[in-house]
Amino acid sequence: MNTHTNPPVRFDTKIAVLLREDLESWQRLNVTAFLVSGLGTELPEVIGEPYADGDDIPYLPMFRQPVLVFEGSKETLTAAHTRVLSRSLPRAVFTADLFATGNDRDNRAAVRAVPTDGLDVVGLAVYGPRNAVDKVLKGARMHP
């Protein structure tokens, strides 16, 4: 793509994942994958067009914009969770309890069993207007 004739696309929305800083590497990857999977199912506008290679082999569509990954302390996650709920932004949550389950049914039951203010949030995905997402992520830093 020639960037001189096609200016870069700028998005007025943001897809962001916030991870707790004390997660192990495999947990960070697993949590990120689980969290973003929820956004595309409920928000079709975040999904781009299907891909095809030069031999016309088709591939699934992906997000139409980058996913930014952040990290923060347990306190940062708790505050972000409170802020995302108060702003009613589309979100996905991953709690520490989900590391002990092995399937979707048990995952949902583990989240359901804990009141909102008692959730041990280790990951949060959020989508919305850039400035609203930035406010939710206040205190977080880009993942290294």
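Me: Over how many bridges do β1 and β6 pair?
Reply: This is a predicted model, where local features need pLDDT of at least 70 and side-chain atom pairs pLDDT 80 or more, while totals for chains, interfaces and linings use all residues. Residues count from 1 along each chain as its sequence is written, and side-chain values use heavy atoms, without hydrogens and water. Strands (E, at least two residues) and helices (H or I, at least four) are DSSP runs numbered from the N terminus, and two strands pair if DSSP finds at least two bridges between them. For antiparallel β1 and β6, the number of bridges is seven.

Me: Which residue in β4 is the bridge partner of V17?
Reply: β1 and β4 run parallel, joined by six bridges. Across from V17, the partner in β4 is V69.

Me: Within what arc do the buried residues of α1 fall?
Reply: The buried residues of α1 are Q27, R28, V31, T32, L35, V36 and L39. Seen down the axis, they line one face of the helix, because their arc (from the directions of the C-beta atoms) is within 140 degrees.

Me: Which residues are exposed on the other side of α1?
Reply: The buried residues of α1 pack against β1, β4, β5 and β6, with contact meaning heavy atoms within 4.5 Å. On the other side of α1, the exposed residues are L29 and T41.

How values were computed
Buried means under 20% relative accessible area, exposed over 50%, partly exposed in between (1.4 Å probe, protein chains only).
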